[in-house]
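Hello,

Here is the structure I promised to pass on. Please open it first, then read my notes below.

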Amino acid sequence: MGNCCSDDGGGRSAVGGTSASQHDHNDAVESFLKSRGYRGLFVQIELSLSASNLRDRDVFSKSDPMAVVYKKSKDGTLEELGRTEVVLNSLNPKWFTKLIINYQFEVVQTLVFRVYDVDTPFQNVDVKMLKLDEQQFLGEATCSLSEIVSKSDRSLTLGLVQREESIKSTRSQNLGELTVYAEELSSSKTAVEIKFACSDLEYKDLFSRSDPFLVVSKIVEGGICIPICKTEVIKNDLKPKWKSVFLNIQQVGSKDNPLTIECFNFNSNGKHDLIGKIQKSLADLEKLYSSEQGENFFLPTAVGNNHHNKVLKSQLFVEYFAETVQHTFLDYLAGGCELNFMVAIDFTASNGNPRLPDSLHYIDPSGRPNAYQRAILEVGEVLQFYDSDKRYPAWGFGARPIDGPVSHCFNLNGSSNYCEVEGIQGIMMAYTSALFNVSLAGPTLFGPVISSAAQIASQSLVNGRQKYYVLLIITDGVITDLQETKDALVKASDLPLSIFILGVGGADFKEMEVLDADKGERLESSNGRVASRDIVQFVPFRDVQG
């Protein structure tokens, strides 16, 4: 979910945000294998990317590069693994977005890296939604994952070439270099939330105060600094207080490992001024928080051949520091937690007339289930084994009940008092009955059903029950209340609730992926609150059905 912007304000947004990781790890598979004595079949690797001496494809500024990573199969087909954010006005970018993949010793895992210059008209578009054929190609590099991890410093620098030259290169044009750094991830469930503030920052702008932001980097072998998170930019402020940043201990290695915290003054041309820097571990930052004292920044200076650090008046403060343990799904099951299944079905008119065979809601007299029925069966039959009472809240949305206005959350069973049905077959019967008792309407709104599910999950917390809720939303189209849905999701992110959105039909669901934070930054509400965790998974049904 990286963001990219072209204007000054957009550039500030692009600099802001916490680090993003992209996962393809499967806890369930790993648990299954370990339970049968298999260990060490794969190791999780985090890849960090940077580039140097890229081609300048922009007329009045430098290129705005983004990297895309692919896995190449034996038959030559490419599978996209992820994209970085866009770095504005830079020919030597260091991307913050990380890629996490499983390294398998016995398999040759070929990776392809492609770098693009994202044109200005597209720089307010989420990177996942960018059409790569509309961007300017800067170069490509190919290697195996084994080549990277076998290096002593786990770093490999590759020359960028044209696409055709990457296959058969004789006299390749120099298009710059791409450096890939690989690091093995240790398992850690501890996360740290930190709020930073500064005082007495220096003026770096001629006619206004500085526009500061922080970059936190870890120091690895050879003294290499790998950026892991950053704050937002605060405009015209010499005493800034930033929003929280979140770090997983596995990103840092341990609380005692050194970190570099750099304070920059934002410039729209991409040449950010270093105001000062500090080297502290997480343990040191925790002590700063406890003592309520600041730490002076220093600025590296050189006089002749001598190098020393000039101590500045500017100080860094830690206004909040908290550790939390992030338990896995298996931890909760082992502790007696049970899953509860909920479902919400899209009854908007875009599904087509239910009485016609081309409708997604058509009930076939032969008994062949439609897309909605198949989705209910396939997901419900998995989750029902974890639900002891087999009573499931079930709603519909986007329809007009008989003699009533359009409802964006109505009980599927037709009751005005309760929403539960008995078993998976109860959901199927209530769904079929509803088709004959409502008129399909619109628009497609998710906010009300998410709020209803969140209310049930919240009540469970009040009653002290060990329950975790999974809401299945089945829909045929793109939502029209995107911001309201984001607000509901951010609010629900503190609750024992996950939401599985299943897209049915042939629609283009690209915009729906904005809600799925697997490959990018956490959702942010309209009042600036960031989701405490990713609770959404979106999948087109056509990608998973047999």
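**Gly 380 and its helix**

Gly 380 lies in helix α8. Please keep in mind that this is a predicted model. Is Gly 380 buried or exposed? Its relative accessibility is 0%, so Gly 380 counts as buried. Leaving aside residues up to four places away in sequence, Gly 380 touches Phe 341, Ala 375 and Ile 424. Met 342 is 38 residues from Gly 380 in sequence. In space the two are 9.0 Å apart, C-alpha to C-alpha.

**Two helix pairs**

Helix α8 covers residues 371–383, and helix α9 covers residues 423–435. Their axes come within 10 Å and cross at roughly 160°. Angles over 145 degrees count as roughly antiparallel, so that is the label for α8 and α9. The crossing of α8 past α9 is right-handed.

Which residues meet here? From α8 they are Tyr 372, Gln 373, Ile 376, Leu 377, Gly 380 and Glu 381. From α9 they are Ile 424, Gln 425, Ile 427, Met 428, Tyr 431 and Thr 432.

Gly 447, Ile 450, Ser 451 and Ala 454 are the α10 residues at the meeting. Thr 485, Ala 488, Leu 489 and Ala 492 face them from α11.

**An open sheet**

Now to the strands. Four of them form an open sheet, in the order β4-β1-β8-β7. The pairing is antiparallel. Two strands sit at the edges, β4 (99–103) and β7 (155–159), and each pairs on one side only. From one strand to the next, the twist averages 30°.

Strand β1 (residues 43–52) is joined to β4 by five bridges, and the two run antiparallel. Glu 46 stands opposite Ile 100 in β4. Five of the five residues of β4 are buried, so β4 is largely enclosed by the rest of the structure. In a regular strand, side chains alternate between the two faces of the sheet. In β4, Leu 99, Ile 101 and Tyr 103 point one way. Ile 100 and Asn 102 point the other way, and all of these residues are buried.

Which residue of β8 stands opposite Thr 157? That residue is Thr 179.

Eight bridges pair β5 with β6 in the antiparallel sense. Leu 111 stands opposite Cys 143 in β6. Most of β6 is covered, with eight of its nine residues buried.

The loop between β5 (110–117) and β6 (136–144) holds Thr 120. Thr 120 has a relative accessible area of 48%, so it counts as partly exposed. Asp 64 is 56 residues from Thr 120 in sequence. The C-alpha atoms of the two are 8.6 Å apart in space.

**Cysteines**

How many disulfides are there in the whole structure? A search finds zero. Cys 198 is in no disulfide, and the nearest cysteine sulfur, that of Cys 263, is 4.7 Å away. A disulfide needs the sulfur atoms within 2.5 Å. Cys 198 is at 5% relative accessibility and counts as buried. Cys 419 is in no disulfide either. For Cys 419 the nearest cysteine sulfur belongs to Cys 409, 8.1 Å away. At 15% relative accessibility, Cys 419 also counts as buried.

**The whole protein**

Last, the overall numbers. The protein has 11 helices and 25 strands. It has 546 residues, of which 51% count as buried. Take the contacts between residues at least 6 apart in sequence: 72% of them join residues at least 24 apart.

Best wishes

Technical notes:
Residues are numbered from 1 along each chain as its sequence is written. This is a predicted model: local features need pLDDT of at least 70, side-chain atom pairs count only at pLDDT 80 or more; totals for chains, interfaces and linings use all residues. Side-chain values use heavy atoms; hydrogens and water are left out. Two strands pair if DSSP finds at least two bridges between them. Helices (H or I, at least four residues) and strands (E, at least two) are DSSP runs, numbered from the N terminus. Axes are lines fitted to C-alpha atoms, for helices over the stretch in contact, and angles run from 0 to 180 degrees between N-to-C directions. Buried means under 20% relative accessible area, exposed over 50%, partly exposed in between (1.4 Å probe, protein chains only). Angles under 35 degrees count as roughly parallel, over 145 as roughly antiparallel, 65 to 115 as roughly perpendicular and the rest as oblique. A crossing is left-handed if the near helix is turned anticlockwise from the far one by less than a right angle, and right-handed if clockwise. Contact means heavy atoms within 4.5 Å.
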